[in-house]
Amino acid sequence: MAGDHSHVSSHPQGASDTQVRALQRSLWVLGVFLVVEVVGGWLSGSLALLSDAGHMLTDVLGLGMALAAILAARRVDAHATRTFGLYRLEILAALANAVLLFGVAVWILVEAVRRIAAPPEVLGTPMLVVAVVGLAANLVVLRWLRAAQGESLNLEGASLEVLADTLGSVGVVIAAVVVQLTGVAIVDPIVGVLIGLMVLPRTWQLGRKALRILIQAAPDHVDPEAILIDLTALEGVAAAHDLHVWTLTSGMDVATVHLALADGVDAAASHRVLDAAQQTLRDGHGLDHATIQLEPSDHDACDPEHGW
């Protein structure tokens with residue numbers, strides 16, 4: 001029994017066709033409007049529009065990376081040496097997206113401070129027209145992504161970006177109305193500052209999630225100590241040790257653990273222990289993907305204190 005292993009599940013969850021279609025449509029809409037917003041921001045002299053365009057650029061890049069990662073991950077069996085497939089590409093894309101967001105936010109803040117000191121002339125009418133169209137585009141894309149978000153970290157990140165971009169578009173519309181009605185141009189860089197400040201917290205959250213996965217930290221909702229206690233309490237188990245819990249990709253938490261069997265546990269009883277351990281991990285801790293090794297009572301086990 002020393003070599004007994006069991007996999008609770010062996011097939012990670014992949015992105016659905018609905019998610020892929022939502023990403024493709026969103027990418028086209030935002031890509032087209034990105035060009036419109038850059039041209040409109042340049043002609044009107046609006047920093048709010050240009051900062052929103054910079055933010056939209058990260059949306060386009062993020063959606064493109066998310067789509068590329070999903071399509072690459074679907075080729076999970078393409079190479080025998082990639083036993084985990086290409087599922088980590090989604091997390092790498094999410095981290096790269098966070099870095100891009102941070103860079104854009106810094107640029108917005110620096111440029112806004114410069115313009116507040118010396119506000120340039122801003123053309124309110126083209127600024128307002130482009131801002132309204134941008135708001136409509138963001139609302140359409142946000143609806144698509146929300147409907148297809150599911151358990152994907154990358155789609156969650158893309159959805160959050162578009163949500164923030166939608167709020168930014170609202171700010172640009174308000175700024176355009178003020179500029180059009182009053183001619184007070186300083187409101188334009190002020191809105192740019194607000195957009196930049198809105199980007200930073202989302203950048204931190206997305207980057208933190210991606211980094212926790214890449215360093216193989218235990219998921220936030222999983223308590224390794226509680227897992228060991230629950231497994232040790234199973235009938236026929238003398239000790240549980242060498243536990244490792246990590247997230248491979250969005251929606252796929254993985255665990256490995258060794259169970260030292262109590263004296264007198266025969267082959268038939270070991271199967272019951274295995275089934276009980278699988279159920280405990282699945283139902284009690286949400287771990288559908290686990291490898292469990294059973295060790296007989298006379299096997300040289302690792303020190304239980306070296307848990308995870």
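## Helices α3 and α6

Helices α3 and α6 are roughly antiparallel to each other, a label given to angles over 145 degrees, whereas angles under 35 degrees count as roughly parallel, 65 to 115 as roughly perpendicular and the rest as oblique. Their axes cross at roughly 155° and come within 7 Å. Axes here are lines fitted to C-alpha atoms, for helices over the stretch in contact, and angles run from 0 to 180 degrees between N-to-C directions. The crossing in which α3 passes α6 is left-handed; that is, the near helix is turned anticlockwise from the far one by less than a right angle, while clockwise would be right-handed.

A96 belongs to helix α3. The C-alpha atoms of A96 and A210 are separated by 9.3 Å, although the two residues stand 114 residues apart along the chain. A96 is partly exposed, because its relative accessible area is 30%; buried means under 20%, exposed over 50%, and partly exposed in between, with a 1.4 Å probe and protein chains only.

## The model and its overall plan

This is a predicted model, in which local features need pLDDT of at least 70 and side-chain atom pairs count only at pLDDT 80 or more, while totals for chains, interfaces and linings use all residues. Residues are numbered from 1 along each chain as its sequence is written, and side-chain values use heavy atoms, with hydrogens and water left out.

The protein contains eight helices and four strands. Helices (H or I, at least four residues) and strands (E, at least two) are DSSP runs, numbered from the N terminus. In sequence order the elements read β-α-α-α-α-α-α-α-β-β-α-β. The protein has 308 residues, of which 48% count as buried.

## Helices α1 and α4

Two packed helices are described by the angle between their axes and the distance between the axes. For helix α1 (residues 17-44) and helix α4 (residues 124-148), the angle is about 165° and the axes are 9 Å apart. That makes α1 roughly antiparallel to α4. In this pair too there is a left-handed crossing, with α1 passing α4.

## Salt bridges

How many salt bridges does a search of the whole structure find? There are five, each defined as a side-chain nitrogen of Lys or Arg within 4 Å of a carboxyl oxygen of Asp or Glu. One of them joins the side chains of R114 and E111, at 2.4 Å from N to O. Both residues lie in helix α3 (residues 88-117), three residues apart, which is about one turn of the helix. E111 counts as buried because its relative accessibility is 14%. E111, R114 and R115 are linked in a network of salt bridges.

Another salt bridge is formed by D220 and R208, whose closest N and O atoms are 3.8 Å apart. D220 lies in the loop between α6 and α7 and R208 in helix α6, so the pair ties together parts that are twelve residues apart in sequence. D220 is exposed, with a relative accessible area of 58%, whereas R208 is partly exposed, at 37%. D283 and R282 also form a salt bridge, with 3.6 Å between the closest N and O atoms. D283 counts as exposed at 54% relative accessibility, and R282 is partly exposed with a relative accessible area of 35%.

## A nonpolar patch on the surface

Which residues form the nonpolar patch on the surface? They are I116, V184, I186, I190, L194 and L197, and together they have about 470 Å² of accessible area. Patches are made of residues with over 30% relative accessible area and no salt bridge; like charges are joined within 9 Å, and nonpolar side chains (Val, Leu, Ile, Met, Phe, Trp, Tyr) within 5 Å. Accessible areas come from the Shrake-Rupley method with a 1.4 Å probe, and for residues only the protein chains shown count as cover.

Helix α6 (residues 187-214) supplies the largest share of the patch, three residues. L194 is found in this helix, and L194 is exposed because its relative accessible area is 53%.

## Positive phi values

Most residues other than glycine have a negative phi, and most peptide bonds are trans. Q216, a residue other than glycine, has a positive phi near 60°. Q216 sits in the loop between α6 and α7 (224-232) and is partly exposed, with a relative accessible area of 46%. D242 is not a glycine either, and its phi is positive at about 50°. D242 is placed in strand β2 (residues 237-249).
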